[in-house]
Number of protein chains: 2
Amino acid sequence: MSLPHAILTALLEKPSSGLELTRRFDRSIGYFWSATHQQIYRELGRLEGEGLIRALPSEQPARGQKKAYEVLPAGREELARWTAASQDPKPHRDALLLRLRAAAVVGTEGLEDDLRRHRELHARQLETYREIERRDFPPGKGGTEDRLRHLVLRAGIDLETFWTQWLDHALAEFAALDVRGREG
Amino acid sequence: MSLPHAILTALLEKPSSGLELTRRFDRSIGYFWSATHQQIYRELGRLEGEGLIRALPSEQPARGQKKAYEVLPAGREELARWTAASQDPKPHRDALLLRLRAAAVVGTEGLEDDLRRHRELHARQLETYREIERRDFPPGKGGTEDRLRHLVLRAGIDLETFWTQWLDHALAEFAALDVRGREG
DNA sequence: CCGGCTTATGCAACTAGTTGCACAATGGAG
DNA sequence: CTCCATTGTGCAACTAGTTGCATAAGCCGG
């Protein structure tokens, strides 16, 4: 129930076409609410049908032509309502943790390489976030909006830091298990 | 593609009926791969159909009768294969971060209470994990299996710790914004 | 001026997870 | 011994997200 609200947020930040939205999701909002272009187009159609957004009138609506959307007052109200409404956290699902647990019964064979790979992916994502922080949030400035967005980015940075460290820890544990295994 | 593997793992740890599995998911595996009883029954049927598990022959298969399953060799092989296979991390989706970002454009009205509520939920989950750690992983013992399971539990503990602290930080930020808002 | 590449939009089918409910057996309480 | 809550199993419909592909316009090189 959140993709429409992610799109409303993005469109309020800046009216855009479907493809522009897709790109912005890839570089920003998608870090905590990812979506494919197919999802986005479908949802844009729904939101337009519900009268929450509208196509900017300047462009003609032919296939292969850019079509930009903006948020209507009803859309802003819906977003404000949703943002303020109490919501329970959704249960997480983490395949890597599940695989570790499975490895406890079927063996760790082949898992270590992928752990190392995931560690590198998280380290790279962390670096990306840090670059965004340097670029968009230089120290000691920013109004209310910037402070909130920075807060969200900090969550991303700290989470990637956490996973990088946790995977280091897991790999160290694997190394220790290997030694014990050889000795036993 | 992971629910069947979560079930195989659980069944290898201990053969169980659908309801027993459901309870164990609620208390353990479900912390990183949640599932409802409906999902579990459906999946047990599929896994049986594929010949990866079988119903223990002791009980009669009538409705309202307990029916326990155990993993067959093919099921163990499939789980080992899946565990070792390289997998890309799935994109995360976090509605709370999205709401913060939305609040940057539509205002923070009404959000603070829910932040506080989420903070308490995470604090409570953290306490649950710590109790499990005290109970199941007393310091200075445990074989390979225990060490891996402890590693997974540590991820849970550290993540809940992270979220509790991050939400404290966010709430402090909100308080600061309120002051600035009143003064401005 | 045509063939292929890029940009842009979008439909259809599929997979996974959620919600709502139904139904059978069992074990007390009255 | 009957009503009813609890335990246990399961189907059906729905929602959300993914994958694969189709289509159209514009542009650029030969």
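**Entry 1. Chain A overall**

I looked up the accessible surface of chain A, which comes to about 9800 Å², with 50% of it belonging to carbon and sulfur atoms. Accessible areas come from the Shrake-Rupley method with a 1.4 Å probe, and for residues only the protein chains shown count as cover. I note that this is a predicted model, where local features need pLDDT of at least 70, side-chain atom pairs count only at pLDDT 80 or more, and totals for chains, interfaces and linings use all residues. Residues are numbered from 1 along each chain as its sequence is written, chains are lettered from A in the order in which they are written, and side-chain values use heavy atoms, without hydrogens and water.

I then checked burial: 45% of the 184 residues of chain A count as buried (under 20% relative accessible area; exposed is over 50%, partly exposed in between; 1.4 Å probe, protein chains only).

For chain A I found a radius of gyration of 22 Å, whereas a compact globule of 184 residues would have one near 16 Å (taken over C-alpha atoms; the globule rule is 2.2 Å times the number of residues to the power 0.38). Along the principal axes, the C-alpha atoms of chain A fill a box of roughly 75 × 40 × 35 Å.

**Entry 2. Elements of chain A**

I read seven helices and three strands in chain A (DSSP runs, numbered from the N terminus: helices are H or I, at least four residues; strands are E, at least two). Their pattern along the sequence is α-β-α-α-β-β-α-α-α-α.

**Entry 3. Helix α4 of chain A**

I picked helix α4(A), residues 73-84, which has twelve residues. From first to last C-alpha it reaches 17 Å, close to the 16 Å expected at 1.5 Å a residue (1.5 Å times one less than its number of residues).

Which residues of α4(A) are buried? I list Gly75(A), Leu79(A), Trp82(A) and Thr83(A). They lie on the same side of α4(A) because they cover an arc of only 100 degrees around the axis (from the directions from the helix axis to the C-beta atoms). On the other side of α4(A), Pro73(A) and Glu77(A) are exposed.

I also looked up what the buried residues of α4(A) pack against: α1 (3-13) and β3 (68-71) of chain A, together with α5 (95-106) and α6 (111-136) of chain B (contact means heavy atoms within 4.5 Å).

**Entry 4. Sheet of chain B**

In chain B I found three strands in an open antiparallel sheet, in the order β1-β3-β2 (two strands pair if DSSP finds at least two bridges between them). The edge strands, β1 (16-17) and β2 (53-55) of chain B, each pair on one side only. Three bridges join β2(B) to β3(B), residues 68-71. I noted Arg54(B) opposite Glu70(B) in β3(B).
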